[in-house]
2 protein chains.
Amino acid sequence: MERLPKCPANYVPLTPLTFIKRASMVYSNRTSIIYGGVSFTWRQTYERCCRLAYSLRSLNVVKNDVVSVLAPNVPALYEMHFAVPMAGAVLNAMNTRLDAKNIATILCHSEAKVFFVDYQYVPLASEALQMLDNRNVPMPLVIVVDDVDKPTGVRLGELEYELLVSHGNPLYQGEELEDEWDAISLNYTSGTTSEPKGVVYSHRGAFLSTMSLIQGWEMGTEAVYMWSLPMFHCNGWTFTWGVAARGGTNVCIRNTTAEEMYRSISQHKVTHMCCAPIVFNILLEAKPHERCEIKSTVNILTGGAPPPAALLEKMEALGFHIMHAYGLTEATGPALVCEWQTKWNHLPKDQQARLKARQGVGILTLADVDVKNKDTMESVPHDGKTMGEIVLRGSSIMKGYLKDEKETAKAFYKGWFLTGDVGVIHPDGYLEIKDRSKDVIISGGENISSVELESILFKHPAILEAAVVAMPHPKWGESPCAFVVLKNTGSTTEPEILEYCRKKMSKFMVPKKVEFVKELPKTGTGKVVKVELRKVAKTLQISESIQTNKKRSPKEVHLHHTRYHQNEHHDQENVFAMSRL
Amino acid sequence: MERLPKCPANYVPLTPLTFIKRASMVYSNRTSIIYGGVSFTWRQTYERCCRLAYSLRSLNVVKNDVVSVLAPNVPALYEMHFAVPMAGAVLNAMNTRLDAKNIATILCHSEAKVFFVDYQYVPLASEALQMLDNRNVPMPLVIVVDDVDKPTGVRLGELEYELLVSHGNPLYQGEELEDEWDAISLNYTSGTTSEPKGVVYSHRGAFLSTMSLIQGWEMGTEAVYMWSLPMFHCNGWTFTWGVAARGGTNVCIRNTTAEEMYRSISQHKVTHMCCAPIVFNILLEAKPHERCEIKSTVNILTGGAPPPAALLEKMEALGFHIMHAYGLTEATGPALVCEWQTKWNHLPKDQQARLKARQGVGILTLADVDVKNKDTMESVPHDGKTMGEIVLRGSSIMKGYLKDEKETAKAFYKGWFLTGDVGVIHPDGYLEIKDRSKDVIISGGENISSVELESILFKHPAILEAAVVAMPHPKWGESPCAFVVLKNTGSTTEPEILEYCRKKMSKFMVPKKVEFVKELPKTGTGKVVKVELRKVAKTLQISESIQTNKKRSPKEVHLHHTRYHQNEHHDQENVFAMSRL
């Protein structure tokens, strides 16, 4: 048995690159991408990828070089998901909601060799590049991605994306992948520390996750997939690669406005889309003139937060069929999906919604999903009650954090990846999140690190202590709420703190509420009891529109420690379960 | 990028064993297996597998030991697909249609340590074991599998399957798989040489094939899968593992009679089944009292031969939805599936049938499928005309042939696995078989080696030369037709040759027609031109019922060489395309 060796015929490294080559062969004339007035076939898309990969090699991009890109869901970003790894390089699709400082940090940390910038983000990119220049670090080669449908002429330097495509060699086959463990992409997550962490995926992990997710979602051939989910989120939860695998059609849209989404769904007969539940609000709150009739079922895979029951019902009434997934950047996107069971069809709607909001069951390529007592690493019983940390194990888990051995070692513990989320397992084997042990706030599908926010607040001259937790937000699902203890000598206002934050962080991270308190609730060992703060945050109103400038002294709001304790068991049922993606 | 090492959390060997463990967790109370009056849940099935694996270890079964089994599609055979590899051993599910001599050969060649025998095959197994004993080779430990629904008490030695299950440890977790390249199963194929060849699958290959096939067939959760396809055929085309992956229900049946199939479909609401097209005949020719109404669509994956248009139409009218696949034992079952395209729905039925009979497109985990000129190894153009050899490459291709370096080396050529089949690629990227270069006859879904048959015929004292080709058979799809040149001194009859064959080979291999000819058509280098013989065979009548004993002299049938040449281009369109599984 053991004398049968691997050979090139029976052992080929697993990689999503096989999907596009196959698509070019067997779905050659099917539409691969639609964007405004532009469309491509799979043969064309493959050829464009070959050309781009060739041009990248010509620009001295070599194995393991990072190619960063700052772009919305345009065809170029889709193509780069194949072209960059074909050149042997590693794709770093950046969150377009980041501020210049974060972008500069990522360009610097990843040592990006090439930086593609969509024309719309040229001002932001210029600012980030200026910061890099000031830090005196090597600058990436900048290439603007002009709009392929309606070119604008905006440039930043000499090169433009289409020039690379047109000058490339369409017969270039890509670099041979020697090891499926090689890196394919790099996705930064805000995580819980102040510096972004670079999550590295292998070709193997990307391939297996893609296989699992088109499976778990039961996405058939000829799917028409609308890009409402940013491709920079875990490479579009792997559906960048997945749509090629199924020979589907990508409907690229620059903005996820209600009008653009409804028009695309109607015009292109969209069958599939992914999004955070926040997008439900956009679709549900659309004005009559922005809407189109949904003629056949649109399947939605949602994550980032469990979909609220009321929203689920409204969406399904409109013709959307929703599946809930849970995952993390570190797990190459969704790691669990809430597989529906036909026997649930006859249950009352609210009960259905509750079942659907559970995080569900592990995808097929995960070797194991469990909930464990973190101290003993023993599995919790399947009683729907006993809480423990959700842990994952399998080949779709990240390689690790780039240049961060410490955080990588912390993430992998006794053979498991620690999600940081706290959950239970129900008797039917479905998993549900009950709380999170990491301090992440998910706002509009984006992770915000409370630790990062707190460290910025600490630096404010009037602030003694600060703790940031999630508070419910009607539009964004969650938003950061800061509890602040002022120095005895300190004096400031909420608008002033918000203004201070706006200067120091990306806009989406700015707290929507600052609550002044005399002291923070703490454990015996001095750790802030965030679960208490979250309960209070739920009772507060967001302050986005507050523009008053009334100075507050530290005594004005006296939030007594015991108050939290009194509330401790009151809203156990309301504990804000969450999914992170 | 390269400093991020594999660890137990992010690199877990791929194996179908994860599917059953997962099923026991997330589909615990769903029905896993139904067989007559017996049924199990996934938790029970997993527990039974753990127990059996433990008992196998107790019987000193260790890594890479072969466990052979001779059984129809009963629960025990299903369970062994997990329990045997859990014990670190290699499952060898034997073709129950083989004769004692072939079974003995396989037991000997595989050095089987344990031999499970279904009670129904005890006489056949005893005969084979007697042969082994005569050859003085080590005997396997024999364990009878009695009927779990209606125990018969038949035994062969001390041990019985249920005893092993009941004595096992339900908490045994199985041996840890260290390398996904390790062998999981061993399937003998008759191939083209006279000795059976042992095709070895790895855990990796089995996992990936399973993933691809539940994908390619779009088998959802809660599938109810009826075992009309023998599990000994490429491990049930991987659906042994696949049904566990989807948490479906296995409907096991001992016999594929029309009555049993119809009753199962109706009673258990079967949604999926696999079979060779011959099973279509069984279903279509059922007598009224054997039939039940098919209330919802039953999806059929068929292979072994392209489904004839007339059968397709009749089957679909009954409520069956058919997908055609092509593969080989060496490719872990189906390697191509004929993915349907909605735009074909409006075509005339005969055109649809023609499209459906094509072999289709490669499954997702195959890295590459191509048709190549075997001399130059250049790809043929996608013109639907230029023929070449079908070649495959990817991680679902076998490890190799057990203890047969020569045949393994022949199968793997310049980085490709050679299927031995000749085909074309159509402009739409779909592949179609036009001929086969290997001499395999597929009768009722079983491969018959013409070379093996010929070598037996050669040994007949009256026969000078013999060539065996496929001839169409109304029931079996194809059957062997022998062209025989008698020695000048030779004199025999067709019934006598058939009787001779019955003694020397498994029943299904016996030719259905013997045609006496003066000489065989040959190429300039003396190679028999089988394509010519196949054309003649098509015009002949099968002789199964011939019982006359009229002696023939070699001159009685004079089949002139040139006759073939005249016919050469006549029935180009009728060339009998085929799929092998």
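Modeller: A polar contact is a pair of N or O atoms within 3.5 Å; within protein, one must be able to donate a hydrogen and the other to accept it, and residues adjacent in sequence count only if both atoms are side-chain atoms. This is a predicted model: local features need pLDDT of at least 70, side-chain atom pairs count only at pLDDT 80 or more, and totals for chains, interfaces and linings use all residues. Residues are numbered from 1 along each chain as its sequence is written, chains are lettered from A and ligands numbered from 1 in written order, and side-chain values use heavy atoms, without hydrogens and water.

Colleague: Where is Ser395(A), and why is it called buried?

Modeller: Ser395(A) sits in the loop between strand 18 (388-394) and strand 19 (400-401) of chain A. Its relative accessibility is 2%. Buried means under 20% relative accessible area, exposed over 50%, partly exposed in between (1.4 Å probe, protein chains only). So Ser395(A) is buried. Its contacts (heavy atoms within 4.5 Å), leaving aside neighbours within four places in sequence, include Leu208(A), Thr365(A), Asn10(B) and Leu14(B).

Colleague: What makes Asp368(B) and Lys21(A) a salt bridge?

Modeller: Their side chains meet at 3.2 Å, N to O. A salt bridge needs a side-chain nitrogen of Lys or Arg within 4 Å of a carboxyl oxygen of Asp or Glu, so this pair passes. Chain B and chain A have 10 salt bridges between them. The interface also holds 32 residue pairs in polar contact, both residues at pLDDT 80 or more.

Colleague: How many residues of chain B are in contact with chain A, and what area do the two chains bury?

Modeller: In chain B, 75 residues are in contact with 75 of chain A. The chains bury about 6,100 Å² between them, 54% of it on carbon and sulfur atoms. That is accessible area (1.4 Å probe) lost on being put together, summed over both parts. Met1(B), Leu4(B) and Leu364(B) lose the most area on the chain B side, together 14% of what that side buries.

Colleague: How do you know that helix 1 of chain B is largely enclosed?

Modeller: Eight of the 10 residues of helix 1 (residues 17-26) are buried, so the rest of the structure largely encloses it. Among them are Phe19(B), Ile20(B), Arg22(B) and Val26(B). The cover comes from both chains, including strand 16 (366-373) of chain A and helix 2 (42-58) of chain B.

Colleague: Why are the buried residues of helix 13 of chain A said to line one face?

Modeller: In helix 13 (residues 349-356), Gln352(A), Ala353(A), Leu355(A) and Lys356(A) are buried. Seen down the axis, they fall within an arc of 160 degrees, so they line one face. They pack against helix 12 (309-318) and strand 13 (320-328) of chain A.

Colleague: What stands out about phi at Thr332(A) and Glu222(B)?

Modeller: Most residues other than glycine have a negative phi. Thr332(A) has phi near 55 degrees, and Glu222(B) about 65 degrees. Thr332(A) is buried, at 1%. Glu222(B), at 26%, falls between the 20% and 50% cut-offs, so it is partly exposed.

Notes:
Helices (H or I, at least four residues) and strands (E, at least two) are DSSP runs, numbered from the N terminus. The arc is that of the directions from the helix axis to the C-beta atoms.
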